[in-house]
Amino acid sequence: SGGEPLLHPDVRSIILSAGSHLQIILLTNGTLINREWAEILAGQGVRVQVSIDGSCPAVHDAIRGKGSFYKAVRAVEVLQKAGLSEKINIATTVMSQNLDDLPEIMYLAEQLGIPSVRFLPLRKLGTAVAHWAEIGEGLNKNDAENFYDYVIHRGQDGTTRPEVTCGLSGFMLTMPDETDDDIWCPLGRQLTVDVDG
């Protein structure tokens, strides 16, 4: 995870060392994925989550930077060619800039042959704190309820691909004292290597 984990100078050796002992999940923006990286990841059976926050350049690039949409889509295609088709998912952080585009992201995943899409709640942490007025102020409870309702009904109409999850594994009615915001993940069986190694 990161930031962008592929920027870490030792990430290749971490993946190669850990791959024979652990199931690795790489969370990436996809901009650094090329054929060589795809082959390394496929060789280790790595699951890859690519961050795509819009179904087109106009939405995604406004959030993640000019040219990043095509790089992310290209990463998916290179990973698929390397044999990771069933081990790729898209992750989208729900924010005011992409709220109206969320159904189109599911359609994009379907068109790209991606088996799973995760919609993650926006958290007021990191760079989001400084940009909260721009990315978070427009979101409200009704928007979230309407979107989750849409996802539920989508599954009931027989649409099963891509699988859609809403990233709420840490949702709890009462938060533990050690949390910094309103989201906490109780899972304690995963090891995360952060940007500092």
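In this predicted model, helix α3, which spans residues 57–64, packs against α4 with the two axes 8 Å apart and an angle of about 105 degrees between them. Because angles of 65 to 115 degrees count as roughly perpendicular, α3 is described as roughly perpendicular to α4. The residues that meet here are Pro57, His60, Asp61 and Arg64 on the α3 side, and Ser68, Phe69 and Tyr70 on the α4 side. Within α3, the buried residues are Val59, His60 and Asp61, so His60 and Asp61 are both buried and part of the meeting with α4. The buried residues of α3 pack against β2 as well as α4. Just after the helix comes Gly65, with a positive phi of about 110 degrees.

The axes of α1 and α2 come within 10 Å and cross at roughly 25 degrees. With that angle, α1 runs roughly parallel to α2. On α1, the contact is made by Val11, Arg12, Ile15 and Leu16; on α2, Glu36, Trp37, Ile40 and Leu41 take part. In general, a pair of packed helices is described by the angle between the axes and the distance between them.

Leaving aside residues up to four places away in sequence, Leu79 touches Ile33, Ala38, Leu41, Val48, Val50, Leu84, Ser85 and Ile88. As a general background, nonpolar side chains in soluble globular proteins tend to be buried together.

Helix α5 shows how burial can be arranged around a helix axis. Its buried residues are Leu102, Ile105, Met106, Leu108, Ala109 and Leu112. These residues cover an arc of only 155 degrees around the axis, which puts them on the same side of α5.

Strand β4 (residues 116–121) contains Pro121. At 24% relative accessibility, Pro121 counts as partly exposed, because buried means under 20% and exposed over 50%. Its C-alpha atom is separated by 5.6 Å from that of Val94, although Pro121 and Val94 are 27 residues apart along the chain.

Finally, the overall picture. The protein has 8 helices and 5 strands, and from the N terminus its elements follow the order α-β-α-β-α-α-β-α-β-α-α-α-β. Of its 197 residues, 39% are buried. Among contacts between residues at least 6 apart in sequence, 64% join residues at least 24 apart. The accessible surface comes to about 11500 Å², with 51% of it belonging to carbon and sulfur atoms.

Methods. Residues are numbered from 1 along each chain as its sequence is written. This is a predicted model: local features need pLDDT of at least 70, side-chain atom pairs count only at pLDDT 80 or more; totals for chains, interfaces and linings use all residues. Side-chain values use heavy atoms; hydrogens and water are left out. Helices (H or I, at least four residues) and strands (E, at least two) are DSSP runs, numbered from the N terminus. Buried means under 20% relative accessible area, exposed over 50%, partly exposed in between (1.4 Å probe, protein chains only). Contact means heavy atoms within 4.5 Å. Accessible areas come from the Shrake-Rupley method with a 1.4 Å probe; for residues, only the protein chains shown count as cover. The arc is that of the directions from the helix axis to the C-beta atoms. Axes are lines fitted to C-alpha atoms, for helices over the stretch in contact, and angles run from 0 to 180 degrees between N-to-C directions. Angles under 35 degrees count as roughly parallel, over 145 as roughly antiparallel, 65 to 115 as roughly perpendicular and the rest as oblique.
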